[in-house]
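Please read it alongside the sequence and the structure.

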Amino acid sequence: MDHLDQLEAQSVFILREAYRKLKPLAMLWSLGKDSNVMVWLAKKAFLGRVPFPVMHVDTGKKFPEMYKFRDEYAKKWDLNLLLGECPPVEDMDPSLPPAARSAARKTAGLAAMIEKHKLQGVIAGIRRDEQGTRAKERVFSPRGASHKWDIRNQPPEFWDQYATPHEEGMHIRVHPLLAWREIDIWRYIEREGIPLVDLYFSKNGKRYRSLGDSDITFPVESNASTLAEVIEELETTKTSERAGRAMDHESEDAFERLRVAGYL
């Protein structure tokens with residue numbers, strides 16, 4: 001097997017373990033490149049269908065192209081789509097910087113969906129290489145009854161053995177893409193022909209490396225307008241994947257505070 005085959009096999013194994021051990025289970029679908037790869041892997045893992053719901057925690061501030069993609073591919077992929085709303089920014093922690101405070105709405109929206117559907121497992125498409133705080137994660141990451149993440153008390157994961165503790169009110173975040181890199185995601189998308197929101201491709205010398213809320217996410221300079229050009233760019237670029245995320249340019253601890261509180 002080549003490198004992509006190995007990553008694919010590992011992710012399929014993780015998804016099947018999650019489905020076997022955690023019920024009810026749902027997958028977060030943010031409409032970005034990573035979560036579309038995750039849906040694609042789930043279809044491969046379960047003979048062409050996703051056997052659990054996919055959830056979109058909607059801030060109401062996504063780009064129009066993302067909503068169009070969601071509505072089209074929820075039908076094409078025959079997904080059981082659950083939609084959840086987020087509370088207003090005024091309800092969020094006022095001590096957070098502005099962009100992080102806006103992003104915190106998703107934390108509250110996700111918590112409400114987990115409680116509403118009594119979920120024991122939530123599959124999320126984070127990667128270790130994307131951001132320093134995410135590099136501290138486990139594949140099966142327990143969250144307490146308050147949805148908080150205890151960074152200093154995480155279960156060991158030796159030889160692909162994943163702990164799934166069950167305590168009242170807690171749930172497990174499952175991360176099947178944790179070992180993937182950004183360039184792996186793009187090479188897999190190219191190999192498999194996975195559909196994407198076209199905002200990832202250059203228009204007028206700019207493209208989005210990462211997609212989020214339209215008011216706190218910005219494009220980066222790029223002439224990469226095809227899959228091959230994006231991959232070629234990533235082989236040499238020194239620009240961070242999250243360079244266009246406003247909250248990554250705020251206080252140093254803002255993202256970790258969000259993650260500890262239950263952010264995606």
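Which residues does Ser222 touch, not counting residues up to four places away in sequence?

## Ser222 and its surroundings

In this predicted model, Ser222 touches Ser202, Gly205, Lys206, Arg207 and Glu233, once residues up to four places away in sequence are set aside. Ser222 itself is found in the loop between β8 and α6 (227-234). With a relative accessibility of 5%, Ser222 counts as buried, because the cut-off for that class is under 20% relative accessible area.

## Two further buried positions

Ile123 has its place in strand β4 (residues 121-123) and is buried, with a relative accessible area of 0%. Leaving aside neighbours within four places in sequence, Ile123 is in contact with Leu15, Leu25, Ala26, Met27, Leu28, Met38, Phe52, Val174 and Pro176. One of these, Met27, is 96 residues away from Ile123 along the chain, and yet the C-alpha atoms of Ile123 and Met27 are separated by 4.4 Å.

Arg143, found in strand β5 (residues 140-143), is likewise buried, with a relative accessible area of 0%. Its side chain is joined to that of Glu137 by a polar contact of 2.8 Å, and a polar contact of 2.5 Å joins the side chains of Arg143 and Ser141.

## Salt bridges along the chain

The structure holds 24 salt bridges. In one of them Arg191 pairs with Asp2, the closest N and O atoms being 3.8 Å apart; this pair links distant parts of the chain, with Arg191 in helix α5 (residues 182-192) and Asp2 in the segment before α1 (3-21), 189 residues apart. Both partners are partly exposed, Arg191 with a relative accessible area of 36% and Asp2 with one of 40%. Arg191 and Asp2 also belong to a network of salt bridges in which Asp5, Glu8, Lys44 and Glu192 are linked with them.

Glu17 and Arg20 both lie in helix α1, three residues apart, which is about one turn of the helix. The two residues fall into separate accessibility classes: Glu17 is buried, with a relative accessible area of 12%, whereas Arg20 counts as exposed at 58% relative accessibility.

Asp215 and Lys61 form another salt bridge, with the closest N and O atoms 3.1 Å apart. Asp215 lies in the loop between β7 (206-207) and β8 (220-221), and Lys61 in the loop between β2 (54-58) and α3 (64-76), so the pair ties together parts that are 154 residues apart in sequence. Asp215 counts as partly exposed at 38% relative accessibility, and Lys61 counts as partly exposed at 29%.

## Where the domains meet

The domain assignment of the chain gives domain 1 (1-179 + 251-259) and domain 2 (195-246). How far apart do the C-alpha centres of domain 1 and domain 2 lie? The separation of these centres is 22 Å, and 23 residues of domain 1 are in contact with 18 residues of domain 2. Between them, domain 1 and domain 2 bury about 1800 Å², with 59% of it on carbon and sulfur atoms. In domain 1, the residues that lose the most area to domain 2 are Lys33, Lys61 and Phe63, together 34% of what that side buries.

The polar side of this contact can be described through its pairs. The count between domain 1 and domain 2 is four salt bridges, and the count of residue pairs in polar contact, with both residues at pLDDT 80 or more, is eight. On the side of domain 1 that touches domain 2, the elements that give two or more residues are α2 (33-45), α3 and α4 (98-117). The residues of that side divide into ten nonpolar, five polar and eight charged. Elsewhere in the list of charged pairs, the side chains of Asp213 and Lys62 meet in a salt bridge with an N to O distance of 3.2 Å.

Definitions and conventions. Residues numbered from 1 in each chain as written. Predicted model: local features only at pLDDT ≥ 70, side-chain atom pairs only at ≥ 80, totals over all residues. Heavy atoms only, no water. Helix = DSSP H or I, 4+ residues; strand = E, 2+ residues; numbered from the N terminus. Buried < 20%, exposed > 50% of the residue type's maximum accessible area, 1.4 Å probe, protein only. Contact = heavy atoms within 4.5 Å. Domains from an automatic or database assignment. Buried area = accessible area lost by both parts, 1.4 Å probe. Polar contact = N/O pair within 3.5 Å; in protein donor to acceptor, adjacent residues only side chain to side chain. Nonpolar A, V, L, I, M, F, W, Y, C, P; charged D, E, K, R; others polar.
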